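Please read this briefing beside the sequence and the three-dimensional view.

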Amino acid sequence: MTLNKVLKRVVALPLVTWLLMAGCASTSYIEVTYQLPQPEQPVGPKTVFLQVVDQRTTATIAGPNAQKELEDFTGLFSLYVATKGQKPDLIGAFDLAALFKEALQRRLESEGVTVLAPQAADQPLLEIQLQEFVLDREGKSWKANLAYKAVTSKGGRILTNQNVSGSAERLKIVGTRDAEKLLGEIFSDMVNKLDPEKLFNHPDL
(Lines give C-alpha, C1' and ligand atoms only; values in the text may rest on other atoms or scores of the structure.)
Protein backbone atom coordinates (compact mmCIF):
# COMPACT_ATOMS: atom_id res chain seq x y z
CA MET A 1 0.00 0.00 0.00
CA THR A 2 1.39 3.37 -1.00
CA LEU A 3 1.88 6.22 1.46
CA ASN A 4 -0.76 8.24 -0.38
CA LYS A 5 -3.36 5.50 0.10
CA VAL A 6 -2.47 5.17 3.78
CA LEU A 7 -2.96 8.90 4.32
CA LYS A 8 -6.31 8.84 2.54
CA ARG A 9 -7.48 5.98 4.76
CA VAL A 10 -6.30 7.73 7.94
CA VAL A 11 -8.16 10.91 6.98
CA ALA A 12 -11.30 9.15 5.73
CA LEU A 13 -11.87 6.96 8.79
CA PRO A 14 -12.36 9.82 11.31
CA LEU A 15 -14.51 11.66 8.76
CA VAL A 16 -16.82 8.66 8.28
CA THR A 17 -16.97 8.14 12.05
CA TRP A 18 -17.91 11.80 12.57
CA LEU A 19 -20.62 11.63 9.90
CA LEU A 20 -22.10 8.48 11.43
CA MET A 21 -22.09 10.07 14.88
CA ALA A 22 -23.70 13.23 13.54
CA GLY A 23 -26.39 11.19 11.84
CA CYS A 24 -27.14 9.19 14.99
CA ALA A 25 -27.26 12.34 17.11
CA SER A 26 -29.48 14.28 14.72
CA THR A 27 -32.26 14.63 17.32
CA SER A 28 -30.01 15.47 20.28
CA TYR A 29 -30.59 19.14 19.41
CA ILE A 30 -33.12 20.98 17.24
CA GLU A 31 -32.19 23.68 14.76
CA VAL A 32 -34.37 26.80 14.82
CA THR A 33 -33.98 29.58 12.28
CA TYR A 34 -35.41 32.91 13.41
CA GLN A 35 -36.38 35.34 10.64
CA LEU A 36 -35.71 38.83 11.99
CA PRO A 37 -38.07 41.34 10.32
CA GLN A 38 -37.18 44.81 9.16
CA PRO A 39 -38.97 47.31 11.44
CA GLU A 40 -41.27 49.69 9.56
CA GLN A 41 -41.10 52.36 12.25
CA PRO A 42 -38.92 51.76 15.35
CA VAL A 43 -40.64 52.41 18.69
CA GLY A 44 -37.45 53.50 20.45
CA PRO A 45 -35.73 54.98 22.20
CA LYS A 46 -36.98 52.77 25.04
CA THR A 47 -35.12 50.96 27.81
CA VAL A 48 -36.20 47.70 29.44
CA PHE A 49 -34.90 44.66 31.29
CA LEU A 50 -35.92 41.41 29.56
CA GLN A 51 -36.75 38.29 31.53
CA VAL A 52 -38.15 34.94 30.32
CA VAL A 53 -40.02 32.68 32.74
CA ASP A 54 -40.98 29.12 31.81
CA GLN A 55 -44.52 28.56 33.09
CA ARG A 56 -45.32 25.44 31.05
CA THR A 57 -47.03 22.60 32.90
CA THR A 58 -44.59 20.08 31.38
CA ALA A 59 -40.89 20.48 30.69
CA THR A 60 -40.80 18.34 27.53
CA ILE A 61 -41.53 19.80 24.10
CA ALA A 62 -42.42 16.43 22.54
CA GLY A 63 -46.10 15.57 22.34
CA PRO A 64 -47.25 11.96 22.92
CA ASN A 65 -46.95 11.00 19.23
CA ALA A 66 -43.50 12.53 18.78
CA GLN A 67 -41.76 11.27 21.91
CA LYS A 68 -40.07 8.31 20.19
CA GLU A 69 -38.58 10.41 17.39
CA LEU A 70 -37.42 13.07 19.86
CA GLU A 71 -36.31 10.74 22.65
CA ASP A 72 -32.66 11.80 22.23
CA PHE A 73 -33.42 15.53 22.36
CA THR A 74 -31.28 17.14 25.08
CA GLY A 75 -33.38 20.29 25.45
CA LEU A 76 -30.91 22.45 23.54
CA PHE A 77 -31.77 24.42 20.41
CA SER A 78 -29.26 25.54 17.80
CA LEU A 79 -30.32 29.09 16.94
CA TYR A 80 -29.77 30.67 13.53
CA VAL A 81 -30.82 34.25 12.84
CA ALA A 82 -31.67 35.35 9.32
CA THR A 83 -32.31 38.85 8.01
CA LYS A 84 -33.78 39.67 4.63
CA GLY A 85 -31.38 38.89 1.81
CA GLN A 86 -28.73 37.46 4.14
CA LYS A 87 -27.59 33.92 4.87
CA PRO A 88 -28.64 32.72 8.37
CA ASP A 89 -25.96 33.16 11.04
CA LEU A 90 -25.39 30.51 13.70
CA ILE A 91 -25.72 32.26 17.08
CA GLY A 92 -25.26 29.37 19.50
CA ALA A 93 -26.96 26.69 21.59
CA PHE A 94 -29.75 27.66 24.01
CA ASP A 95 -32.35 26.07 26.22
CA LEU A 96 -35.96 27.10 25.58
CA ALA A 97 -36.04 30.16 27.85
CA ALA A 98 -32.69 31.42 26.56
CA LEU A 99 -33.83 30.78 22.97
CA PHE A 100 -36.80 33.11 23.42
CA LYS A 101 -34.72 35.70 25.23
CA GLU A 102 -32.05 35.82 22.52
CA ALA A 103 -34.56 36.12 19.68
CA LEU A 104 -36.75 38.66 21.49
CA GLN A 105 -33.76 40.78 22.46
CA ARG A 106 -32.70 40.98 18.82
CA ARG A 107 -36.26 41.85 17.82
CA LEU A 108 -36.53 44.59 20.45
CA GLU A 109 -33.13 46.06 19.64
CA SER A 110 -34.07 46.21 15.96
CA GLU A 111 -37.05 48.33 17.10
CA GLY A 112 -34.80 50.80 18.91
CA VAL A 113 -35.28 49.31 22.40
CA THR A 114 -32.23 49.06 24.68
CA VAL A 115 -32.22 45.79 26.64
CA LEU A 116 -30.47 46.16 29.99
CA ALA A 117 -28.25 43.63 31.73
CA PRO A 118 -28.44 43.57 34.68
CA GLN A 119 -31.74 45.16 35.65
CA ALA A 120 -31.71 48.65 37.11
CA ALA A 121 -34.13 49.33 39.97
CA ASP A 122 -35.67 52.38 38.30
CA GLN A 123 -36.10 50.76 34.86
CA PRO A 124 -39.13 48.82 33.56
CA LEU A 125 -39.25 45.04 33.27
CA LEU A 126 -40.53 43.04 30.31
CA GLU A 127 -41.36 39.51 31.42
CA ILE A 128 -42.08 36.81 28.85
CA GLN A 129 -44.15 34.03 30.39
CA LEU A 130 -43.84 30.84 28.31
CA GLN A 131 -47.12 28.94 28.46
CA GLU A 132 -46.90 26.36 25.68
CA PHE A 133 -44.25 24.96 23.36
CA VAL A 134 -45.22 21.57 21.96
CA LEU A 135 -44.09 19.66 18.88
CA ASP A 136 -46.13 16.59 17.99
CA ARG A 137 -47.16 14.27 15.18
CA GLU A 138 -50.68 14.28 13.80
CA GLY A 139 -51.18 11.66 11.12
CA LYS A 140 -48.54 12.29 8.45
CA SER A 141 -47.79 15.81 9.64
CA TRP A 142 -45.76 17.58 12.27
CA LYS A 143 -47.76 20.02 14.39
CA ALA A 144 -46.46 22.77 16.68
CA ASN A 145 -48.29 24.87 19.28
CA LEU A 146 -46.71 27.93 20.94
CA ALA A 147 -48.07 30.45 23.43
CA TYR A 148 -46.66 33.11 25.72
CA LYS A 149 -47.67 36.28 27.55
CA ALA A 150 -45.64 39.49 27.55
CA VAL A 151 -46.02 41.68 30.64
CA THR A 152 -44.38 45.05 31.31
CA SER A 153 -44.07 46.38 34.84
CA LYS A 154 -42.22 48.99 36.87
CA GLY A 155 -41.71 48.98 40.60
CA GLY A 156 -43.89 45.89 40.84
CA ARG A 157 -46.83 47.60 39.08
CA ILE A 158 -48.10 45.97 35.87
CA LEU A 159 -48.33 48.47 33.01
CA THR A 160 -49.23 46.57 29.82
CA ASN A 161 -49.55 42.99 28.59
CA GLN A 162 -50.02 40.98 25.41
CA ASN A 163 -51.01 37.36 24.75
CA VAL A 164 -49.43 35.63 21.75
CA SER A 165 -50.32 32.13 20.54
CA GLY A 166 -50.46 30.10 17.37
CA SER A 167 -50.14 26.69 15.72
CA ALA A 168 -48.78 25.35 12.44
CA GLU A 169 -48.51 22.07 10.51
CA ARG A 170 -46.06 20.66 7.99
CA LEU A 171 -46.12 17.35 6.12
CA LYS A 172 -43.52 14.91 7.44
CA ILE A 173 -41.23 13.59 4.72
CA VAL A 174 -38.36 11.89 6.51
CA GLY A 175 -36.53 12.36 9.82
CA THR A 176 -36.91 15.54 11.85
CA ARG A 177 -35.78 18.11 9.26
CA ASP A 178 -39.38 19.08 8.46
CA ALA A 179 -40.08 19.47 12.17
CA GLU A 180 -37.15 21.91 12.44
CA LYS A 181 -38.46 23.93 9.49
CA LEU A 182 -41.90 24.01 11.09
CA LEU A 183 -40.52 25.17 14.44
CA GLY A 184 -38.45 27.85 12.74
CA GLU A 185 -41.52 29.16 10.94
CA ILE A 186 -43.87 29.23 13.94
CA PHE A 187 -41.14 30.48 16.31
CA SER A 188 -40.41 33.39 13.95
CA ASP A 189 -44.12 34.09 13.60
CA MET A 190 -44.71 34.07 17.37
CA VAL A 191 -41.72 36.28 18.19
CA ASN A 192 -42.63 38.70 15.41
CA LYS A 193 -46.30 38.81 16.47
CA LEU A 194 -45.26 40.75 19.55
CA ASP A 195 -46.36 44.35 18.99
CA PRO A 196 -43.73 46.61 20.64
CA GLU A 197 -45.66 49.77 19.71
CA LYS A 198 -48.70 48.68 21.75
CA LEU A 199 -46.62 46.98 24.44
CA PHE A 200 -44.64 50.16 25.17
CA ASN A 201 -47.64 52.47 24.81
CA HIS A 202 -47.66 53.66 28.42
CA PRO A 203 -46.42 56.92 29.94
CA ASP A 204 -44.17 55.06 32.40
CA LEU A 205 -42.37 53.12 29.65
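This is a predicted model: local features need pLDDT of at least 70, side-chain atom pairs count only at pLDDT 80 or more; totals for chains, interfaces and linings use all residues.

Residues are numbered from 1 along each chain as its sequence is written, and side-chain values use heavy atoms, with hydrogens and water left out. Helices (H or I, at least four residues) and strands (E, at least two) are DSSP runs numbered from the N terminus.

**The five-stranded sheet**

- An open sheet is formed by 5 strands in the order E5-E2-E6-E7-E8, with mixed pairing; two strands count as paired if DSSP finds at least two bridges between them.
- E5 and E8 each have a single partner strand, so one side of each is left without a neighbour in the sheet.
- From one strand to the next, the twist averages 30 degrees; axes here are lines fitted to C-alpha atoms, for helices over the stretch in contact, and angles run from 0 to 180 degrees between N-to-C directions.
- The pairing of E2 with E6 is parallel and covers 6 bridges, and Leu-50 has Leu-126 in E6 as its bridge partner.
- Helix H3 packs on this sheet and touches E6, E7 and E8, with its direction at about 155 degrees to that of E8.
- E7 and E8 run antiparallel to each other over 14 bridges, and Ala-144 stands opposite Ala-168 in E8.
- The hairpin of E7 and E8 has 2 residues between the strands, and Gly-155 there takes a positive phi near 60 degrees.

**The three-stranded sheet**

- A further open sheet has 3 strands in the order E1-E3-E4, and its pairing is also mixed.
- E1 and strand E4 (89–94) are the edge strands, each pairing on one side only.
- The twist in this sheet averages 25 degrees from one strand to the next.
- E1 pairs with strand E3 (residues 76–83) in the parallel sense over 8 bridges, and the bridge partner of Tyr-34 in E3 is Val-81.
- Helix H2 packs on this sheet, touching E1, E3 and E4, and its direction makes about 140 degrees with that of E4.

- H3 (residues 177–193) has 17 residues and reaches 24 Å from its first C-alpha to its last, close to the 24 Å expected at 1.5 Å a residue; the expected span is 1.5 Å times one less than the number of residues.
- Among the buried residues of H3 are Leu-182, Leu-183, Ile-186, Phe-187 and Met-190, where buried means under 20% relative accessible area, exposed over 50% and partly exposed in between (1.4 Å probe, protein chains only).
- The cover over the buried residues of H3 includes strand E1 (29–36), helix H2 (96–110), E6, strand E7 (141–154) and strand E8 (157–171).
- The largest nonpolar core has 48 residues, and those with the most contacts inside it are Phe-77, Phe-100, Ile-128, Phe-133 and Phe-187; such a core is a set of buried Ala, Val, Leu, Ile, Met, Phe, Trp, Tyr and Cys residues joined through side-chain atoms within 4.5 Å.
- H3 gives the most to this core, with 7 residues.
- Beyond its neighbours within four places in sequence, Phe-187 is in contact with Val-32, Tyr-34, Leu-99, Phe-100, Ala-103, Phe-133 and Leu-146, contact meaning heavy atoms within 4.5 Å.

**Single residues**

- Gln-129 lies in strand E6 and counts as buried because its relative accessibility is 13%.
- The side chains of Gln-129 and Glu-127 are joined by a polar contact of 2.8 Å; a polar contact is a pair of N or O atoms within 3.5 Å, and within protein one must be able to donate a hydrogen and the other to accept it, while residues adjacent in sequence count only if both atoms are side-chain atoms.
- Gln-38 is in the loop between E1 and strand E2 (46–54) and is exposed, with a relative accessible area of 54%.
- Leaving aside neighbours within four places in sequence, Gln-38 is in contact with Thr-83 and Lys-84.
- Ala-120 lies in the loop between strand E5 (113–116) and strand E6 (125–138) and counts as partly exposed at 26% relative accessibility.
- Ala-120 and Phe-49 are 71 residues apart in sequence, and their C-alpha atoms are 7.8 Å apart in space.
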